[in-house]
Amino acid sequence: MRLPFTVVIGLLLLCSSALAGVEDLYLKHCASCHHPERHGLSGPPLIPEYLGSKNETELALIIRNGLEATNMPAFKGVLSEEEILDTVRFIKTPAKAPEWGFEEMLSTRVVSSEEYGPGHGLGYDRENLFMVVEAGKGTVHFMDGARFELMGSVKAGAVHGGPKFGPGLEHAFISSRDGWVIKYDLLNLREAGRIRAGISARNLAISSDGKKVAVASLLPAGLVVFDAATLLPVKSFRDSGAMSAVYALREGRRFVAATRDRAGLVFIDDGTLEEKFMRTPMPVTDFFIEPGERYMAATSRGSGKLWVVDLKEEKTVKEIPLKSGMPHLASASFWESDNERFAAFPHIGEPVLSVLRLGDWELLAEIKVKGPGFFARTHENVPHVWVDTGTDTIQLIDKKTLAIAGEVVPEPGKKAMHIEFTGDGAYALVSVSEDDGRIAVYDTRTLEPVKGIPFKRPVGKYNASNRRF
């Protein structure tokens with residue numbers, strides 16, 4: 001049915017009037033913390049790119065009741081139920097593209113003026129250091145992997161993409177979902193500086209020589225490269241569009257980034273910062289780079305397939321149809337056995353773990369697990385792939401037989417997720433991701449728990465031996 005022109009105009013005016021009304025509400029109650037254009041100030045950005053998958057019910061609950069351990073107050077009694085729902089709809093609408101050039105970045109830059117001391121953090125094994133992301137407090141902790149004791153922490157907000165250790169293990173870098181890049185001094189266990197690269201960021205990567213940091217940004221779209229020593233912006237790549245993720249390749253000293261809205265990859269020489277574009281069959285939604293860094297396995301949302309890209313030749317060499325749904329390739333786990341190499345990865349929303357043989361890229365198995373999980377992890381000294389299942393159970397897959405060989409349940413009824421290993425693989429750390437959660441430490445030989453460390457929603461932990469660049 002076609003509406004008369006006058007009716008259409010009337011509806012548009014009505015919507016515009018309603019939007020203006022809720023915008024006034026936003027400016028009155030929210031803008032002082034979240035920015036008049038919703039770009040974030042002391043509070044996070046209130047834009048779709050930052051809010052992610054949170055639905056209207058979840059957002060209304062936060063506005064109504066506030067957020068514990070944050071500055072977010074409760075608006076129950078201040079706003080009516082209708083005004084709360086109108087505010088939710090308003091913050092779910094696209095925001096105006098912000099002006100965020102070098103001038104805006106530099107206005108946020110803070111670098112520590114403290115002299116470098118002898119380094120009281122030198123008394124621990126930095127090769128076995130953990131970064132622990134405590135989502136419930138918006139904090140990243142630094143933990144000794146030998147004694148499982150905290151040594152320092154930094155406020156980071158919502159962390160996305162995983163923090164990164166520099167190649168010399170003198171610094172660590174963290175990117176927050178609201179665009180901040182935080183540099184941490186591992187020798188002196190203190191924050192060394194921070195700068196806001198954009199309004200919404202995906203992740204960061206550190207060049208193999210540790211001299212540059214590349215940040216993938218959604219708002220404004222593009223990629224920004226910083227000097228790692230000074231946190232000064234060096235070059236921005238705004239014409240490339242929004243980036244899904246960026247990684248550093250040791251081979252050839254390049255950054256490689258996946259473009260979210262274009263079917264392709266962007267390669268950036270980390271010395272000259274020259275840019276090169278490679279077309280792919282579809283936009284890359286998720287990918288992993290195998291340990292040899294010659295090949296990338298990539299997928300596109302809804303494609304039902306996975307394709308293999310030869311990063312050296314810069315061409316697609318194979319397409320693999322998938323029986324299960326969207327694979328979560330960024331969480332893939334790798335191992336070697338009998339001179340062959342393998343990768344295992346879960347599927348979003350489906351209780352399946354796929355096992356792929358690298359080299360001929362044959363899909364060997366799709367293993368049914370207890371529930372849809374998000375992460376698969378293993379270590380060269382561990383006989384199993386540890387898989388979270390979206391439940392209270394972590395299942396263990398035998399790397400030889402690909403059969404389910406056991407399970408651990410850190411706390412019945414509470415969600416267990418994200419596994420990481422100590423540098424020698426002797427212990428596995430599992431998150432109980434609840435407000436009253438903890439990290440459960442397991443002996444990987446006996447599968448017995450040896451320690452519990454309390455945290456409020458510890459969503460991830462990253463060991464320096466296993467995670468760099």
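Because the model is predicted, local features need pLDDT of at least 70 and side-chain atom pairs count only at pLDDT 80 or more, while totals for chains, interfaces and linings use all residues. Residues are numbered from 1 along each chain as its sequence is written, and side-chain values use heavy atoms, with hydrogens and water left out.

## A strand with neighbours on both sides

Let us begin with strand β3, residues 139-144. Strands here are DSSP runs (E, at least two residues), as helices are (H or I, at least four residues), and they are numbered from the N terminus. Why is strand β3 largely enclosed by the rest of the structure? Six of its six residues are buried, where buried means under 20% relative accessible area, exposed means over 50%, and partly exposed lies in between (1.4 Å probe, protein chains only). On one side of β3 you find Thr139, His141 and Met143, on the other Val140, Phe142 and Asp144, and both faces are covered.

Strand β2 (residues 129-134) runs antiparallel to β3 and is joined to it by six bridges; two strands pair if DSSP finds at least two bridges between them. For Val132, the bridge partner in β3 is His141. The hairpin of β2 and β3 has four residues between the strands, and Gly138 there takes a positive phi near 60 degrees.

Strand β4 (residues 149-155) is also antiparallel to β3, again with six bridges. Val140 has Val154 as its bridge partner in β4. This hairpin has four residues between its strands too, and Phe148 in the turn shows a positive phi of about 55 degrees.

## Salt bridges

How many salt bridges does the structure hold? There are 21, each being a side-chain nitrogen of Lys or Arg within 4 Å of a carboxyl oxygen of Asp or Glu. Three of them are set out here.

| Residues | N to O distance |
|---|---|
| Arg147 and Asp144 | 2.7 Å |
| Lys305 and Glu319 | 3.2 Å |
| Glu411 and Lys414 | 3.3 Å |

Lys305 is partly exposed, at 27% relative accessible area, and Glu319 is partly exposed at 41%.

Glu411 is partly exposed, with 22% relative accessibility.

## Aromatic rings

A pair of aromatic rings is described by the distance of the centres and the angle of the planes. Rings of Phe, Tyr and Trp (its six-membered ring) pair if their centres lie within 6.5 Å; planes under 30 degrees apart count as stacked, over 60 as edge-to-face and the rest as tilted. The count comes to 11 aromatic pairs.

One of them is the edge-to-face pair of Tyr247 and Phe287, with 5.4 Å between the centres and 80 degrees between the planes. Tyr247 lies in strand β13 (residues 243-249) and Phe287 in strand β17 (residues 286-289), so the pair ties together parts that are 40 residues apart in sequence. Tyr247 is partly exposed at 26%, while Phe287 is buried at 4%.

Tyr295 and Trp361 are also edge-to-face, at 5.8 Å centre to centre and 75 degrees between the planes. Because Tyr295 lies in strand β18 (residues 295-299) and Trp361 in the loop between β23 (350-357) and β24 (362-368), the pair ties together parts that are 66 residues apart in sequence.

Elsewhere, ring pairs link Phe288, Phe334 and Phe345 into a cluster.

## A buried loop residue

Finally, look at Thr444, in the loop between β31 (438-443) and β32 (449-454). Thr444 is buried, with a relative accessible area of 9%. Leaving aside neighbours within four places in sequence, Thr444 is in contact (heavy atoms within 4.5 Å) with residues including Val382, Trp386, Phe421 and Gly425. The Thr444 side chain reaches the backbone oxygen of Gly425 at 2.7 Å.

Note on methods:
A polar contact is a pair of N or O atoms within 3.5 Å; within protein, one must be able to donate a hydrogen and the other to accept it, and residues adjacent in sequence count only if both atoms are side-chain atoms.
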